[in-house]
Amino acid sequence: MKKNWLSYPYLVWMFLFIFLPLLLVLFYSLTTRTEDGLRFTLAHFQRFMEPIYLRVLFRSVKLALFSTVICLILGYPMAMILAGNGFKRKQVMVFLFVVPMWMNFLLRTYAWMTLLEKTGLINTFLSWLGLPPLNLLYTEEAVVLGMVYNFLPFMVLPIYSVLRKIDKSLIEAAEDLGADGFTVFRKVIFPLSLPGVLSGITMVFMPAVTTFVISRLLGGGQFTLIGNLIEQQFLLVGDWNFGSAISMVMMLVILVSIGVMSKYEKENEGSGLF
Amino acid sequence: MTTTNTGGSAVQQNIIELVDICKDYNGTEALKNINLYIRKNEFLTLLGPSGCGKTTTLRIIGGFEEPTSGDLLFNGVKINDLPPYKRRVNTVFQKYALFPHLNVFENVAFGLKIKKLDKKTIEKKVRNMLTLVNLAGFEEREIDSLSGGQQQRVAIARALVNEPEVLLLDEPLGALDLKLRQEMQIELKNMQKRLGITFVYVTHDQEEALSMSDTVVVMKDGTIQQIGTPIDIYNEPKNAFVADFIGESNIIDGVMLRDYLVQFAGLDFNCVDRGFAEMEPVDVVVRPEDIQVVAEDESKLKGEVKAVTFKGVHYEMLIDSTAFRWKIHSTEMAPVGAKVGLKILPDAIHIMKKVATK
């Protein structure tokens, strides 16, 4: 414990690139520039309460929740297969699973665009079959698809690592006490995997609620999410104060959801990510 | 080698029978032709060093492993591939395997809830069982707030509350300290008598096996070496391995000269064994407490004391004769360097057939 100084470079880094910018964002969100100089104001936050912006917040949360639920439904069985003993080609499976993650996130999303386009792979295939083309790209569904595709590993991996650590003798004990396969899952495996599920949910929900790239590429700018809104304020409109206020609101949303999660986790005696 | 129980009266019913059970793990034979009958209400112990197949045998009875060949009968019905949750058998696992996400009450109630008993019955049964294992008042406690001995008792309660016909125990006392272990041995034995449940107990601790069991099954390398009462096993070990494993022994090469006369350590000794071929090489087994240390001129077998260790109740002495180093337990001590005589009475000499060497 005498080697505290080893952490100093990181502390400096944190102060310069995390703490200071956060302070700046907070400062911007609470001030406005007038002819007499800086003035403190809550006007930016009040402005966010207008229905048009609340709708954006609502849509962001809704799409992120959708994606999280789909990731959970797809990811849990996947994690169980990976953690189970019955599966012989586990290594190959994990490899296939990780390969796409080596590719840049943007490229992967662009790849989906070429698949979903009017003249893309799927519609070309449909026209071969003599079917009318579908409107796939620039829909809410496309945005959710992009989120699920990109964030699914973050659901699978924490669940997988928790499942793998469950003591096999607990499963045997449950069987011994009369539990069939499904009851073992319901009463032992699932409750014990909750910490993994919760950190999976957190790790999918957070990036999904804040993304702006996926919604822009696959939503074609029709589905403005809170991330897009912030980007617009900073890069297009140039209203840094309002952009900062939205950022603060978003952080609040995230903090609240983390708080809810960690409270739930404590009740379950779990040890998750936070 | 196959062995079967002997001496059971015809009235007693076999609750579990293992008939010619073999178990292979990827070509390694874990069990070789195990034949074993477990009688109703007996306390049977599978005893042996690690890797002898005792836990595998238990897991086959519990339903966690399927035998490669052979039959497992429960009350006369073959149950080879019956899944564990359908067997009228419950297990106390080696490391207890208590559910960490449930409290003491919920752990014990686990099996009853699955059977969908009504709430009141469950509550009553769980409380009775917790009282039986001296854990009344611990209902709401979390598992990881309990000591090893308490967790142990929760595991026993969790299994017993289902009123199994057979309780399997896989080295349940292994993690406890000596004193607690001895207390729990007595408690377990009492519980078994009171509840009239068949116990199948796995251990590598010979003392534990001898003090608790009605029947001891000594195993080695996937085969049964001997089945018998603790007294039989201790006094009449069938071979040198059993003799060595059950308590300490002096095992020395000998030659059977004729019935009741054996030669070892360069001398002839009267013994009580017969039925060997003339001049047959044998293992001679003598318990350390069966050798008397006498004055040098009182015995033909002489030796020099090389080491003395105080063991509490007795002294352990290592005494070198010309051909062999004897281990002797005695309440009287001879000092290191003393020249002494060793006296072995005929009924202290156990003659064993040589086991074919590998």
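**Salt bridges in and around chain B**

Mentor: Across the interface of chain A and chain B, the rule finds one salt bridge, meaning a side-chain nitrogen of Lys or Arg within 4 Å of a carboxyl oxygen of Asp or Glu. Keep in mind that this is a predicted model, where local features need pLDDT of at least 70 and side-chain atom pairs count only at pLDDT 80 or more, while totals for chains, interfaces and linings use all residues. Residues are numbered from 1 along each chain as its sequence is written, chains are lettered from A in the order in which they are written, and side-chain values use heavy atoms, with hydrogens and water left out.

Trainee: Which side chains meet in that salt bridge?

Mentor: Glu172(A) and Arg59(B), at 2.6 Å from N to O.

Trainee: And how many salt bridges are there over all chains?

Mentor: The whole structure has 25. Helices here are DSSP runs of H or I with at least four residues, and strands are E runs of at least two, numbered from the N terminus.

Trainee: Is Glu172(A) buried or exposed?

Mentor: Glu172(A) counts as buried at 16% relative accessibility. Arg59(B) is partly exposed, at 22%. Buried means under 20% relative accessible area, exposed over 50%, and partly exposed in between (1.4 Å probe, protein chains only).

Trainee: What does Lys54(B) form a salt bridge with?

Mentor: Its partner is Glu171(B), with the closest N and O atoms 3.6 Å apart. Lys54(B) lies in helix α1 and Glu171(B) in the loop between β7 (166–170) and α5 (178–195), so the pair ties together parts of chain B that are 117 residues apart in sequence. Both Lys54(B) and Glu171(B) are buried.

Trainee: Switching topic, how far apart are the closest N and O atoms of Arg127(B) and Glu123(B)?

Mentor: They are 2.7 Å apart, in another salt bridge. Arg127(B) and Glu123(B) are four residues apart in helix α3 (residues 119–132) of chain B, which means about one helical turn separates them. Arg127(B) is partly exposed at 34%, and Glu123(B) is partly exposed at 34%.

Trainee: Which residues do shared partners join into one network?

Mentor: Glu172(A), Lys23(B), Arg59(B) and Glu65(B).

Trainee: Last one: how many helices and strands does chain B have?

Mentor: Eight helices and 20 strands. Of the 358 residues of chain B, 53% count as buried.
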